[in-house]
Amino acid sequence: MGDPHTTSLPPRTRGIFKFIIDENTDVSIKQENKIGKTKTYISLDQDKYAAFKEFDNSGQVRIEQGEHDFHTSRLYYVMVENLSEDNQSSFTLTVYQRSTIINIRNGVPLKVTFAGPNEVTKNFALPLPKGNKTLTLQVNPILEVDKDV
Amino acid sequence: MVKRLGEVRDSLDFPPNNDDGFSIKRIYEESKGFLQVTQKLDVTEDDEAVVFTVYIQPNTHRGRHKFETFKHDVMVFASTS
């Protein structure tokens with residue numbers, strides 16, 4: 001996630017790449033072809049016929065928060081087919097998702113809510129004073145069950 | 001400078017692997033148990049910070065007649081001493 005991945009495929013072959021969404025925000029998948037003709041499928045299964053997005057050659061697609069196929073904690077498959085009979089293809093794939101970091105104050109407990117089925121992670125940052133310190137982190141679930149319709 | 005401090009999982013993996021330098025203490029309050037982790041750091045630069053991520057299980061399950069969505073409140077505490 002976030003780091004460009006460059007690879008090449010022999011003629012008439014398929015490459016399969018996987019990623020997982022952690023954050024409950026839109027995701028972008030970008031492909032830049034250096035050489036070759038490709039067809040790319042995005043799917044929740046390792047089956048191109050189950051793909052919910054596809055594009056030819058270089059391209060970029062977004063999976064938006066709230067979209068039917070947006071799921072955190074699920075494996076996504078990016079399947080790239082090299083359509084050429086004779087030549088290899090070379091391309092760079094990048095999956096990007098904006099990350100939110102909550103600033104937490106030193107020694108002050110912070111109550112946060114994980115709401116909805118797709119909210120599975122939260123990031124925190126604590127500024128560190130200089131010197132030899134003991135860092136303490138504590139997470140305490142508050143067992144309140146909210147049954148809404 | 002970016003330094004990875006490690007990863008601590010919940011009680012499913014308890015006792016966790018301590019190779020990352022964390023000291024782990026299990027705490028019980030009002031019949032609920034949770035973990036506290038500590039690590040000694042020598043902070044030499046200005047504007048350094050620790051960034052950490054709390055993961056939670058996907059919070060939807062199938063109810064008897066419909067999907068029920070659960071909301072989870074979590075208290076997060078971080079300090080240096």
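Me: Why is Thr38(A) called buried?

Reply: A residue is called buried when its relative accessible area is under 20%, exposed when that area is over 50%, and partly exposed in between (1.4 Å probe, protein chains only). Thr38(A) has 0% relative accessibility, so Thr38(A) counts as buried. The model is predicted, so local features need pLDDT of at least 70 and side-chain atom pairs count only at pLDDT 80 or more, whereas totals for chains, interfaces and linings use all residues; side-chain values use heavy atoms, with hydrogens and water left out. Residues are numbered from 1 along each chain as its sequence is written, and chains are lettered from A and ligands numbered from 1 in the order in which they are written.

Me: What makes Thr38(A) and Asn33(A) partners in a polar contact, and which other residues does Thr38(A) touch?

Reply: A polar contact is a pair of N or O atoms within 3.5 Å; within protein, one must be able to donate a hydrogen and the other to accept it, and residues adjacent in sequence count only if both atoms are side-chain atoms. The side chains of Thr38(A) and Asn33(A) make such a contact at 2.9 Å. When neighbours within four places in sequence are set aside, Thr38(A) is in contact (heavy atoms within 4.5 Å) with residues including Gln31(A), Phe55(A), Val80(A), Leu83(A) and Phe91(A). Thr38(A) belongs to strand β4 of chain A, residues 38-43, where strands (E, at least two residues) and helices (H or I, at least four) are DSSP runs numbered from the N terminus.

Me: Why is strand β8 of chain A described as largely enclosed?

Reply: Eight of the nine residues of β8(A), which spans residues 89-97, are buried, so this strand is largely enclosed by the rest of the structure.

Me: How do you know that β8(A) pairs with β1 and with β3 of chain A?

Reply: Two strands are said to pair if DSSP finds at least two bridges between them. Strand β1 (residues 5-9) of chain A is joined to β8(A) by five bridges and runs antiparallel to it, with Thr6(A) bridged to Thr92(A). Strand β3 (residues 27-35) of chain A is joined to β8(A) by eight bridges, also antiparallel, and here Val27(A) has Gln97(A) as its bridge partner.

Me: What makes Asp73(B) a buried residue, and which residue of chain A does its side chain meet?

Reply: The relative accessible area of Asp73(B) is 3%, so Asp73(B) is buried. Asp73(B) lies in strand β6 of chain B, and its side chain is joined to that of Thr113(A) by a polar contact of 2.6 Å. Strand β10 (residues 110-114) of chain A pairs with β6(B) in the antiparallel sense over five bridges, one of the bridge partners being Lys111(A) with Met75(B).

Me: How much area is buried between chain B and chain A, and what does that value stand for?

Reply: Buried area is the accessible area (1.4 Å probe) that two parts lose on being put together, summed over both. For chain B and chain A the value is about 4,800 Å², with 56% given by carbon and sulfur atoms. On the chain B side, Asp73(B), Met75(B) and Phe77(B) lose the most area to chain A, together 15% of what that side buries. The contact takes 43 residues from chain B and 47 residues from chain A.

Me: Why is the link between Asp46(B) and Lys130(A) called a salt bridge?

Reply: A salt bridge is a side-chain nitrogen of Lys or Arg within 4 Å of a carboxyl oxygen of Asp or Glu. In Asp46(B) and Lys130(A) the closest N and O atoms are 3.7 Å apart, and across this interface the rule finds two salt bridges. The count of residue pairs in polar contact between chain B and chain A, both at pLDDT 80 or more, is 22.

Me: How do you know that β3(B) pairs with a strand of chain A?

Reply: Eight bridges join strand β11 (residues 121-128) of chain A to β3(B), and the two run antiparallel; Ala125(A), for example, has Val51(B) as its bridge partner. The covered face of β3(B) holds Glu48(B), Val50(B), Phe52(B) and Val54(B), and the uncovered one Ala49(B), Val51(B), Thr53(B) and Tyr55(B).
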